[in-house]
Amino acid sequence: MNPAARRYTQAERQTASPERLMVLLFQAALRNVRAGAEALEQGRAAEAARPLTLASDIVVELHATLDRPRAPELCDQLAAVYRFVCDRLGAAALARDARAAREAERALAPIAEAFEAAAARLAAGGR
């Protein structure tokens, strides 16, 4: 990333709403899952380890943000998906299995898309 883009990204993170920060986390997680899966698919297992680990770390942080007292059922469901994603990412890294990484991607992507849509509605005034 060039210096100007890095400064822009840093400024965005520092000034973003909590909802936007969550969207950025989901985007980063998916970007890393996809990078790791692609590296595995291309036989570059050593290059896959870092993005898969970063993705898993982000998903752990997403899990930590769950506010169970506010929405216990939703949080239980999301927690189960997050555990599945972390399990599949671990399996992908250990077994050098691109299919496991793609399973993690397929589980996480709809949640990321839904959260992004909800955040956009909030930013537009709740419409």
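Is Phe84 buried, partly exposed or exposed? Phe84 is partly exposed, because its relative accessible area is 37%; buried means under 20% relative accessible area, exposed over 50%, and partly exposed in between, with a 1.4 Å probe and protein chains only.

A word on the model before the exercises. This is a predicted model, in which local features need pLDDT of at least 70 and side-chain atom pairs count only at pLDDT 80 or more, while totals for chains, interfaces and linings use all residues. Residues are numbered from 1 along each chain as its sequence is written, and side-chain values use heavy atoms, with hydrogens and water left out.

**Exercise 1. Describe the overall build of the protein chain.**

Step 1: Go through the secondary structure. The protein chain has five helices and zero strands, and from the N terminus on its elements run α-α-α-α-α. Helices (H or I, at least four residues) and strands (E, at least two) are DSSP runs, numbered from the N terminus.

Step 2: Turn to burial and surface. Of the 127 residues, 32% count as buried. The accessible surface comes to about 8000 Å², and 55% of that belongs to carbon and sulfur atoms. Areas here come from the Shrake-Rupley method with a 1.4 Å probe; for residues, only the protein chains shown count as cover.

Step 3: Check the contacts along the sequence. Among contacts between residues at least 6 apart in sequence, 54% join residues at least 24 apart. Contact means heavy atoms within 4.5 Å.

**Exercise 2. Characterise the largest pocket.**

Step 1: Get the volume. The largest pocket holds about 520 Å³ of space. A pocket is found on a 1 Å grid over the protein atoms alone, as an open set of points where a 1.4 Å probe fits, with protein on both sides within 12 Å along at least five of seven lines; lining residues have an atom within 4 Å of a point. Grid points are joined across faces, edges and corners, and the volume is the space filled by probe spheres set on the points.

Step 2: List the lining. There are 18 lining residues, and Met22, Leu66, Leu74, Leu78 and Phe115 lie nearest the centre. Helices α2, α4 and α5 each give two or more residues to this lining, with the largest share, six residues, coming from α5.

Step 3: The lining divides into 14 nonpolar, one polar and three charged residues. Here Ala, Val, Leu, Ile, Met, Phe, Trp, Tyr, Cys and Pro count as nonpolar, Asp, Glu, Lys and Arg as charged, and the others, Gly among them, as polar.

**Exercise 3. Which residue has a positive phi although it is not a glycine?**

Step 1: Name the residue. The answer is Arg96, with a phi of about 55°.

Step 2: Arg96 lies in the loop between α4 and α5, and Arg96 is exposed because its relative accessible area is 61%.

**Exercise 4. Return to Phe84 and find its partners.**

Step 1: Phe84 is found in helix α4. Not counting residues up to four places away in sequence, Phe84 touches Glu103 and Ala107.

Step 2: Phe84 and Ala107 are 23 residues apart in sequence and 8.1 Å apart in space, C-alpha to C-alpha.
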